[in-house]
There are 8 protein chains.
Amino acid sequence: MHEQRLLELLSAIAAGELHPSDGLEQLRALPFDDISFAKVDTHRLLRKGYPETIFCQGKTPEQVVAIAGRMLAHGQNVFGTRCSLTCFQAVQAVHGDAVYHEQARTFSIEAAPPPISSGYVAVVCAGTSDIPVAEEAATTCGALGVQVERVYDVGVAGLHRLLEQRERLTRATAVIVCAGMEGALPSVVAGLVPGLVIAVPTSIGYGASFNGIAALLGMLNSCATGLTVVNIDNGFGAAVAACTVVRMVEKNG
Amino acid sequence: MHEQRLLELLSAIAAGELHPSDGLEQLRALPFDDISFAKVDTHRLLRKGYPETIFCQGKTPEQVVAIAGRMLAHGQNVFGTRCSLTCFQAVQAVHGDAVYHEQARTFSIEAAPPPISSGYVAVVCAGTSDIPVAEEAATTCGALGVQVERVYDVGVAGLHRLLEQRERLTRATAVIVCAGMEGALPSVVAGLVPGLVIAVPTSIGYGASFNGIAALLGMLNSCATGLTVVNIDNGFGAAVAACTVVRMVEKNG
Amino acid sequence: MHEQRLLELLSAIAAGELHPSDGLEQLRALPFDDISFAKVDTHRLLRKGYPETIFCQGKTPEQVVAIAGRMLAHGQNVFGTRCSLTCFQAVQAVHGDAVYHEQARTFSIEAAPPPISSGYVAVVCAGTSDIPVAEEAATTCGALGVQVERVYDVGVAGLHRLLEQRERLTRATAVIVCAGMEGALPSVVAGLVPGLVIAVPTSIGYGASFNGIAALLGMLNSCATGLTVVNIDNGFGAAVAACTVVRMVEKNG
Amino acid sequence: MHEQRLLELLSAIAAGELHPSDGLEQLRALPFDDISFAKVDTHRLLRKGYPETIFCQGKTPEQVVAIAGRMLAHGQNVFGTRCSLTCFQAVQAVHGDAVYHEQARTFSIEAAPPPISSGYVAVVCAGTSDIPVAEEAATTCGALGVQVERVYDVGVAGLHRLLEQRERLTRATAVIVCAGMEGALPSVVAGLVPGLVIAVPTSIGYGASFNGIAALLGMLNSCATGLTVVNIDNGFGAAVAACTVVRMVEKNG
Amino acid sequence: MHEQRLLELLSAIAAGELHPSDGLEQLRALPFDDISFAKVDTHRLLRKGYPETIFCQGKTPEQVVAIAGRMLAHGQNVFGTRCSLTCFQAVQAVHGDAVYHEQARTFSIEAAPPPISSGYVAVVCAGTSDIPVAEEAATTCGALGVQVERVYDVGVAGLHRLLEQRERLTRATAVIVCAGMEGALPSVVAGLVPGLVIAVPTSIGYGASFNGIAALLGMLNSCATGLTVVNIDNGFGAAVAACTVVRMVEKNG
Amino acid sequence: MHEQRLLELLSAIAAGELHPSDGLEQLRALPFDDISFAKVDTHRLLRKGYPETIFCQGKTPEQVVAIAGRMLAHGQNVFGTRCSLTCFQAVQAVHGDAVYHEQARTFSIEAAPPPISSGYVAVVCAGTSDIPVAEEAATTCGALGVQVERVYDVGVAGLHRLLEQRERLTRATAVIVCAGMEGALPSVVAGLVPGLVIAVPTSIGYGASFNGIAALLGMLNSCATGLTVVNIDNGFGAAVAACTVVRMVEKNG
Amino acid sequence: MHEQRLLELLSAIAAGELHPSDGLEQLRALPFDDISFAKVDTHRLLRKGYPETIFCQGKTPEQVVAIAGRMLAHGQNVFGTRCSLTCFQAVQAVHGDAVYHEQARTFSIEAAPPPISSGYVAVVCAGTSDIPVAEEAATTCGALGVQVERVYDVGVAGLHRLLEQRERLTRATAVIVCAGMEGALPSVVAGLVPGLVIAVPTSIGYGASFNGIAALLGMLNSCATGLTVVNIDNGFGAAVAACTVVRMVEKNG
Amino acid sequence: MHEQRLLELLSAIAAGELHPSDGLEQLRALPFDDISFAKVDTHRLLRKGYPETIFCQGKTPEQVVAIAGRMLAHGQNVFGTRCSLTCFQAVQAVHGDAVYHEQARTFSIEAAPPPISSGYVAVVCAGTSDIPVAEEAATTCGALGVQVERVYDVGVAGLHRLLEQRERLTRATAVIVCAGMEGALPSVVAGLVPGLVIAVPTSIGYGASFNGIAALLGMLNSCATGLTVVNIDNGFGAAVAACTVVRMVEKNG
């Protein structure tokens with residue numbers, strides 16, 4: 001522990017075992033890495049309650065395996081996103097208990113199951129094409145120990161199905177809405193629910209959808225209030241933000 | 001008449017009054033301009049049933065006055081769009097019966113009232129900021145003799161007011177929907193009505209609305225069917241397209 | 001039936017079988033999903049007269065097969081767009097009477113042939129590269145029971161061939177024009193015909209065509225009137241809009 | 001009251017004063033506008049706990065005055081954003097107790113003070129140029145009855161001053177960070193605090209800042225987690241989202 | 001010949017073999033297709049002196065073979081651009097004398113060699129990566145019968161080699177300069193030579209070259225005079241424009 | 001004369017009046033500035049036959065006056081573009097014989113009239129809004145001594161008027177076509193005339209015309225051949241390129 | 001001094017005057033703000049050797065005056081950029097010795113003259129329109145005590161004048177090149193000189209220059225080596241980077 | 001040597017062995033290519049101290065082999081960038097001592113080892129995905145004989161590790177920082193170190209990172225001073241700029 005080490009150092013000075021100027025030298029080296037380390041530590045384990053995540057895209061399978069191994073050695077749960085099947089197979093060859101979420105393209109290795117939240121995040125998407133992004137969000141929530149309600153069979157052509165789910169949406173602590181094309185679904189949802197809505201534009205579409213730009217702009221310019229936006233296809237980021245709110249509510253609940 | 005002139009020319013050749021090779025020379029000059037002239041004439045007066053429009057932006061008041069005068073001299077009704085108050089005052093100084101539609105920034109001088117349609121176009125907009133574009137559409141319909149129903153007090157925050165107007169929208173031959181920001185209103189309307197919906201993105205908004213680009217992209221990528229799009233702030237173009245459908249229905253009705 | 005259920009509920013109250021406040025609770029849940037369900041039903045089968053379409057891109061063959069099966073079970077005709085040959089083969093393995101339109105990359109399974117329109121839609125394109133988009137439009141019209149005239153061998157370098165087809169274009173209820181590169185063809189057509197012209201920018205071109213953006217911008221900024229635009233490569237959307245006009249004319253004819 | 005009206009209608013049926021089939025006719029007319037009206041009402045007053053806001057940009061002073069009057073007549077507090085001094089003076093001429101927040105360009109007229117939150121939102125900005133956007137956020141929180149801590153004198157060149165404020169930031173339920181230019185400040189803040197961070201790109205900058213696009217992109221692509229984004233210069237939207245979280249925490253606390 | 005046919009028709013009228021009104025009917029059919037056909041014919045064979053070109057990209061090999069066959073049947077030379085090796089092999093299987101220009105990805109089948117120009121076009125490019133575009137230009141000139149001087153081993157890092165070629169450049173009737181990346185070479189060349197310089201941005205580069213946009217913008221904004229621009233990678237278009245000038249000079253020489 | 005100076009220097013060495021190593025020092029200084037100076041001189045006066053032009057935008061009136069004075073002192077004609085009325089008045093106050101071309105926003109002061117060309121440039125534009133750009137082109141040609149034919153009353157809505165002018169266009173050595181909005185006019189003209197067509201996109205339009213980008217892209221992607229493009233609103237650049245062709249034809253005529 | 005304070009704290013613990021756990025509490029508060037404060041202090045005064053700069057754009061004159069006053073109170077020199085004349089006059093009213101650099105729109109108030117460098121920075125620009133950006137760079141160098149050589153009368157049309165200045169450019173420690181339009185000048189300069197070249201795109205130009213984007217892209221894609229880029233119109237940033245190199249050379253000289 | 005040749009020529013004239021007018025002819029041919037050749041020569045070998053580099057992308061393996069052979073024949077070291085493994089294998093087949101840097105995708109063949117610098121360049125990157133760009137920079141420094149310190153295991157989530165490396169960064173003559181996504185790392189580094197920071201945006205990221213545009217814009221708009229930018233993924237260019245500073249410091253040291 002960081003505080004423990006600092007206290008030991010100061011006690012050694014108090015005990016005359018360490019000269020103040022030598023202590024100064026040790027502190028000069030310490031404060032940044034240790035404080036920083038503590039910060040990360042707190043940030044990840046104590047304050048935010050979730051481990052680091054491996055963004056696998058652009059990394060070789062070897063690199064992913066190595067990082068996963070280092071995390072497990074520190075007793076942390078491992079969660080990876082944007083992981084191809086090939087990459088996962090490399091992970092699984094070493095860590096047999098790794099679990100792959102195929103649609104989400106995420107994987108997890110649990111050193112110990114995270115504490116489960118009482119509140120939940122609703123993850124909404126319009127159609128089958130948006131499901132991979134929605135699943136990235138849902139499995140991320142799962143890895144962070146936050147319960148999820150999936151509301152997948154809704155959309156512009158099926159508004160009534162969305163309305164049928166209104167109660168589940170209304171009781172959610174936060175709602176993640178994934179949509180491509182014109183990206184109007186988050187606005188509709190934000191008009192129905194009391195909680196924070198986090199909109200995730202997806203790259204689904206063609207032509208002037210420009211791989212999600214149309215959806216992104218639509219969400220940023222929404223008339224609806226209580227709506228914020230993350231990057232295109234960033235189901236992971238939406239999930240962490242939503243879980244942050246869930247944890248904030250539970251901490252103060 | 002073009003055909004008349006051709007027949008006279010050929011008859012003159014048959015009568016030996018004109019040598020074939022001289023006739024060839026006359027034909028070389030004729031076909032394009034005359035046929036073209038006939039085409040434009042038909043296009044404007046006979047086939048489409050509406051006069052040319054003056055796009056005033058980028059023209060001096062003097063130029064607008066001159067064009068209006070030339071049209072009136074041909075017995076045509078005059079209709080001008082994107083006309084500043086200053087420009088209109090120059091028109092009115094010469095043509096005292098000119099009428100200015102202030103919000104629409106259009107004006108009209110009627111040589112003779114156009115025949116009035118039986119069907120109507122519904123012009124919809126979300127809020128007060130979009131009204132100028134909607135009025136450009138509505139006054140254009142008026143100048144073309146097509147009836148208009150204005151549905152202006154609707155929008156995302158007042159969906160119930162839109163639904164209250166559903167019958168008026170459903171009975172319209174075509175519906176023009178003007179919207180800025182994320183431009184989701186046309187999709188909602190297209191889900192409610194059986195007729196063609198023409199979406200007009202407006203330049204209303206700020207930041208990532210990019211002066212109407214966000215709305216334009218949203219409309220182009222709409223999941224709703226039966227929806228087409230015109231240029232940003234192009235109320236005039238939407239109106240002409242809608243009136244084209246009204247006339248088509250009436251001609252075949 | 002929605003009305004039936006409402007009447008039963010009110011009758012139960014009238015009969016004293018249900019207390020008004022309990023009836024209120026039941027109404028609170030009812031109106032949206034039931035009315036919505038009725039709305040969609042009317043929307044698709046009664047009011048618009050055409051079934052839902054499966055946008056296959058981004059769906060697995062298994063998902064497409066499942067949706068098609070569900071639609072057929074409801075007695076609906078099935079029509080799918082953006083369907084790869086592989087995906088179609090999966091459909092055909094289950095539904096032997098499925099028909100694939102190779103250039104259009106669409107397929108259809110007819111439970112019952114749709115009623116055939118008397119008017120027709122002209123589908124125009126400039127060259128061989130634009131044909132897939134034009135065929136998506138043409139086969140969509142076919143699936144909706146609307147007759148089609150294909151006018152494919154025209155373009156800038158063959159304006160005379162377009163003019164030869166003027167009569168077929170003029171008699172069309174609506175004209176769909178597909179063009180890539182600078183996208184000038186719709187403007188030329190809109191200057192020749194009395195009906196609505198729906199422009200479809202295609203992604204054909206290179207360099208500064210930016211996969212159809214140049215064509216899209218050209219069409220949005222057209223000087224020609226009576227012209228509206230849909231998304232890049234969206235032959236399907238243009239067809240539904242055109243068929244909407246055909247049905248409107250026939251209903252009021 | 002909507003529920004009241006429904007209950008009366010059902011009671012009249014129960015009392016035999018109204019025949020079920022007549023009641024059905026009345027319900028057919030009711031559900032959308034009334035339910036919709038109830039929805040908005042609940043949305044604004046019961047569920048979200050804050051009144052509608054007037055977006056003044058693009059509205060004439062007369063329109064703003066009229067809307068404000070209508071809201072006050074319903075006993076609602078009035079809050080307006082993007083309000084020029086000229087526009088405010090027109091409001092104040094009619095409603096003498098209207099208060100203008102000059103830097104924020106917002107105004108408020110309180111029918112009754114809103115209940116004050118126990119938690120607070122921290123509003124952070126880097127320099128003096130970003131203060132107008134930050135003040136739009138802060139005064140919006142104020143209008144919604146949510147406490148605010150302003151942390152304005154921080155930024156890249158003064159990171160130590162940000163760190164000095166870490167405790168105030170850490171105790172906030174949500175943090176709004178306004179930044180222009182490269183927009184890196186939200187990432188730094190998100191690395192320090194446990195609560196949700198809502199990033200507001202501002203249009204401050206020049207050249208390749210493209211009026212806030214650089215900042216917007218930077219925030220959307222942030223490596224930091226627990227971070228979401230709103231439109232450029234949208235201090236209002238960030239504030240409503242932040243207050244949504246505050247209310248969610250208090251409701252469940 | 002078009003004129004011949006017209007003259008025969010008029011002579012038949014003059015000879016009393018054809019009644020004027022029957023002649024009118026024949027003319028009604030003639031003018032567009034025949035005049036149009038004559039226009040294309042003149043355009044291609046008499047006035048511009050070069051045959052149509054087949055843009056192979058987006059066409060199937062079968063389509064290319066068919067078009068080539070039709071052209072040869074009319075006695076025209078065939079020239080195709082953007083032709084893959086596979087596509088060429090299909091052509092060659094039918095037309096054994098077809099010649100493929102591999103770097104240019106063009107092919108030609110000569111019915112009869114075109115007349116050779118006395119003046120020449122200089123085709124300049126900076127490095128080996130730009131050669132395919134330069135060769136498209138050079139082989140196009142060849143197909144049009146215009147002489148070419150290739151100046152390929154020049155560029156920013158070898159300005160002296162450009163200067164060594166100044167005489168060849170100065171004597172050219174027109175100069176085509178192909179360049180990617182920042183696209184500065186056309187400006188330098190335009191400062192050295194008296195003739196028209198046609199700049200061809202190439203898609204060579206990476207990162208912020210945006211596939212030729214940087215080069216295109218650089219060329220459009222050049223301070224040098226006597227410089228015009230064509231589409232990215234459009235060696236063909238540059239060649240036709242350059243050959244147009246060569247023919248204009250020779251015709252008036 | 002540069003060559004003269006070099007010969008004198010070498011002769012002085014041959015005559016023993018100058019030591020080789022001293023000659024080397026003089027040569028080291030000479031080649032670049034003198035050759036460069038000669039290059040500019042030739043470039044402007046001998047080879048290209050026209051003086052430098054003053055681009056007034058971004059310069060103070062004082063700077064323009066000073067540059068004009070320096071040019072006149074060297075006996076050169078002065079021609080300025082993008083010159084506001086205010087700026088011109090400052091020029092005229094000093095040089096009373098300066099002539100202002102108001103629509104073109106150009107001015108000229110002639111030390112001696114330039115030799116007049118026998119061929120001419122046709123300057124075409126669609127409507128009154130494009131005239132300022134067309135006039136910049138036309139007055140530039142005038143300043144360079146090249147004859148101009150203005151063809152201004154043509155456009156999409158008046159194609160017949162364009163066709164009426166076909167002979168004037170066909171006889172032109174080069175044709176400049178200025179067009180805004182979708183920028184389709186140059187393609188039409190290039191299909192009619194044998195000479196080089198130089199397309200000038202104008203910033204006329206609104207919405208998705210993006211200040212001339214739509215027109216620029218349309219022109220770059222034109223299917224028509226023999227067409228090249230200059231910067232948006234760059235009438236000056238188009239004129240210099242066109243005059244370059246005129247001079248090339250005359251020199252070789 | 002930070003170290004001093006730490007040593008005192010540790011000595012107090014060693015002396016038994018402070019309990020280790022109390023020392024821990026004090027350390028918890030100290031490290032970040034103190035270390036940070038030291039960092040800034042070193043950063044500005046000791047390590048980089050130049051004071052903070054006031055970016056005046058977006059600040060009120062009152063804010064600029066206040067910041068300037070605070071800096072002077074700490075004995076620092078004051079330097080402000082993007083300062084309008086109005087803003088400067090407010091500064092001068094309080095600080096009579098403030099000096100305004102009108103073209104650069106910068107001002108300076110010297111508490112004490114900075115030490116003057118032995119090496120110098122060459123500031124190059126093409127024409128009179130780019131001078132304001134060049135002067136922002138040059139006056140920034142002056143405020144940082146670094147000598148400047150202005151090379152302003154060069155450019156594409158006057159390459160010989162650039163070459164005449166080659167010696168001055170070659171002897172510079174770093175060269176700043178400001179250019180708009182196609183931005184080719186920095187590439188040319190980088191081919192001539194041995195030192196680092198810092199390119200500053202300017203917003204000078206029109207049409208497709210897009211307010212400096214064309215120049216920016218040209219510079220980023222330059223073939224020349226030893227070239228780096230700063231933001232559009234960012235003369236200040238280029239100057240600080242150049243001065244950083246000058247100081248680095250002198251420190252190690 | 002160039003000067004030697006000039007002196008011989010002048011001496012021959014002085015000796016009467018060469019007539020002045022013949023000398024003039026020889027000079028006419030000489031000055032540009034020889035002076036130019038000398039310039040390049042000096043530029044590469046004497047003044048800048050490093051050989052030309054082969055940009056392999058877009059070149060065939062045969063072309064790369066040929067260029068490498070020509071350079072080795074002149075006794076130059078060979079260094080190639082953007083070299084695929086396939087391309088390298090072709091090089092190695094001919095030049096067995098060629099060395100491939102796999103992550104960097106560069107190769108080198110040393111005729112003679114370059115002199116090693118005393119100062120060094122620090123190359124920093126955030127994560128494993130950015131390493132290829134960083135290695136392109138690092139191996140380029142190596143090829144130019146400049147020492148490198150790699151600082152790769154740092155980033156937003158590990159700020160403490162960056163701070164631990166502060167001393168190595170501070171002692172560097174120049175620092176290259178490679179970062180994708182929001183590109184904030186260079187700003188942080190520039191706040192810590194006294195030397196020039198050269199930022200390299202990488203194309204790492206997804207969605208609204210737009211292949212490095214977000215990072216590029218973030219870096220161009222950085223608030224930090226002493227920071228310049230190169231093209232996306234241009235590790236090579238950053239390295240040459242950094243080495244230019246190292247050589248400048250050593251030359252003047």
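**A salt bridge and its surroundings**

A: With a relative accessible area of 28%, E:Glu149 is partly exposed. The model in which this residue is seen is a predicted one. The partner of E:Glu149 is E:Arg168: the two form a salt bridge whose closest N and O atoms are 2.8 Å apart. Because E:Arg168 belongs to helix α7 (residues 166-171) of chain E and E:Glu149 to strand β6 (residues 147-151) of chain E, the pair ties together parts that are 19 residues apart in sequence. E:Arg168 has a relative accessibility of 25%, and therefore counts as partly exposed. In general, side chains of opposite charge can pair when their charged atoms come close.

The corresponding residue numbers in chain G may be examined next. There, a salt bridge joins the side chains of G:Arg168 and G:Glu149, at 2.9 Å from N to O. G:Arg168 lies in helix α7 (residues 166-171) of chain G and G:Glu149 in strand β6 (residues 147-151) of chain G, so this pair, too, ties together parts that are 19 residues apart in sequence. The relative accessible area of G:Arg168 is 25%, which makes this residue partly exposed. G:Glu149, at 28% relative accessibility, also counts as partly exposed.

H:Arg171 and H:Glu167 form a salt bridge, with 2.9 Å between the closest N and O atoms. These two residues are 4 residues apart in helix α7 (residues 166-171) of chain H, and so are separated by about one helical turn. H:Arg171 is exposed, its relative accessible area being 53%. H:Glu167 counts as exposed as well, at 56% relative accessibility. Over all chains, the structure holds 40 salt bridges.

A buried residue of chain H may be set beside these. H:Thr139 is placed in helix α5 (residues 131-143) of chain H, and at 10% relative accessibility this residue counts as buried. Leaving aside residues up to four places away in sequence, H:Thr139 touches H:Phe79, H:His101, H:Ala104, H:Thr106 and H:Arg150.

The cysteines give another view of side chains. A disulfide is a covalent bond between the sulfur atoms of two cysteines. A search of the whole structure finds 0 disulfides over all chains. E:Cys141 is in no disulfide, and the nearest cysteine sulfur, that of E:Cys243, is 3.7 Å away. E:Cys141 has a relative accessibility of 0% and counts as buried. E:Cys223 is likewise in no disulfide; the nearest cysteine sulfur to it belongs to G:Cys125 and is 12 Å away. E:Cys223 is partly exposed, with a relative accessible area of 38%.

Chain A supplies the wider setting. This chain contains 10 helices and 9 strands, and 61% of its 253 residues are buried. Among contacts in chain A with a separation of 6 or more, 66% are between residues 24 or more positions apart. Chain A exposes about 9,200 Å², of which carbon and sulfur atoms supply 54%.

Note on methods. Residues are numbered from 1 along each chain as its sequence is written. Chains are lettered from A and ligands numbered from 1 in the order in which they are written. This is a predicted model: local features need pLDDT of at least 70, side-chain atom pairs count only at pLDDT 80 or more; totals for chains, interfaces and linings use all residues. Side-chain values use heavy atoms; hydrogens and water are left out. A salt bridge is a side-chain nitrogen of Lys or Arg within 4 Å of a carboxyl oxygen of Asp or Glu. Buried means under 20% relative accessible area, exposed over 50%, partly exposed in between (1.4 Å probe, protein chains only). Contact means heavy atoms within 4.5 Å. Accessible areas come from the Shrake-Rupley method with a 1.4 Å probe; for residues, only the protein chains shown count as cover. A disulfide is a pair of cysteine sulfur atoms within 2.5 Å.
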